[in-house]
Amino acid sequence: MKPHAFVAMPFGAKKDSQGTEIDFNRVYTELIKPALETAGLEVFRADEEQRAGGILPDMFQELLIADLVVADLTIDNPNVWYELGVRHALKARGVVLISSGRVPTAFAFLPIARCGIPLKTRDLILLRWRRIEQSSPIW
């Protein structure tokens with residue numbers, strides 16, 4: 001069974017702080033997902049859920065069972081920050097923060113692996129999830 005990665009990120013087209021429109025669906029399908037699959041992970045994003053029912057129980061389950069959570073902080077998205085907080089509370093290891101451009105980050109996230117990403121390159125993040133595990137400062 002492959003290790004499991006959950007991607008927390010905005011959906012659809014959104015504007016960054018400079019007003020540049022970013023197609024996050026395209027970023028996911030063309031960059032993040034292929035990079036994680038190349039690294040040997042099974043990749044899932046919340047909008048890929050096919051079952052009926054509430055989104056919260058499925059999201060909590062994904063955040064708990066994932067071997068790796070990749071959180072895209074390119075824009076200030078409350079859902080992504082919430083999912084990142086839930087993951088941090090549930091599991092101390094296996095989080096990578098990614099962003100395109102400069103994103104102010106709370107000091108509590110400083111020990112977490114971070115990766116700046118130029119949106120124009122194909123080799124977004126060839127991750128080796130085994131080398132990314134970081135210890136939580138509270139565990």
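Predicted model: local features only at pLDDT ≥ 70, side-chain atom pairs only at ≥ 80, totals over all residues.
The chain has 4 helices and 7 strands, where helices (H or I, at least four residues) and strands (E, at least two) are DSSP runs numbered from the N terminus. Residues are numbered from 1 along each chain as its sequence is written, and side-chain values use heavy atoms, with hydrogens and water left out.

Let's start with the chain as a whole. Of its 139 residues, 45% are buried; buried means under 20% relative accessible area, exposed over 50%, and partly exposed in between (1.4 Å probe, protein chains only). Accessible areas come from the Shrake-Rupley method with a 1.4 Å probe, and for residues only the protein chains shown count as cover. Among contacts (heavy atoms within 4.5 Å) between residues at least 6 apart in sequence, 63% join residues at least 24 apart.

Next, a look at the surface. Ile55, Leu56, Phe60 and Tyr82 form a nonpolar patch with about 390 Å² of accessible area together. Patches are made of residues with over 30% relative accessible area and no salt bridge, joining like charges within 9 Å and nonpolar side chains (Val, Leu, Ile, Met, Phe, Trp, Tyr) within 5 Å. Helix α2 (residues 55-65) gives the largest share of the patch, 3 residues. Phe60 is found in helix α2, and its relative accessible area of 31% makes it partly exposed.

Arg87, in helix α3 (residues 78-90), is buried yet has no salt bridge, meaning a side-chain nitrogen of Lys or Arg within 4 Å of a carboxyl oxygen of Asp or Glu. The nearest side chain of opposite charge, Asp67, is 7.2 Å away; Lys and Arg count as positive, Asp and Glu as negative, and His and the chain ends are not counted. Not counting residues up to four places away in sequence, Arg87 touches several residues, including Leu63, Asp67 and Val95.

Asp23 lies in strand β3 (residues 21-23) and is partly exposed, with a relative accessible area of 39%. Its C-alpha is 9.2 Å from that of Pro10, 13 residues apart in sequence.

| Side chain | Backbone atom | Distance |
|---|---|---|
| Arg87 | oxygen of Arg93 | 2.6 Å |
| Asp23 | nitrogen of Asn25 | 3.1 Å |

Technical notes: Polar contact = N/O pair within 3.5 Å; in protein donor to acceptor, adjacent residues only side chain to side chain.
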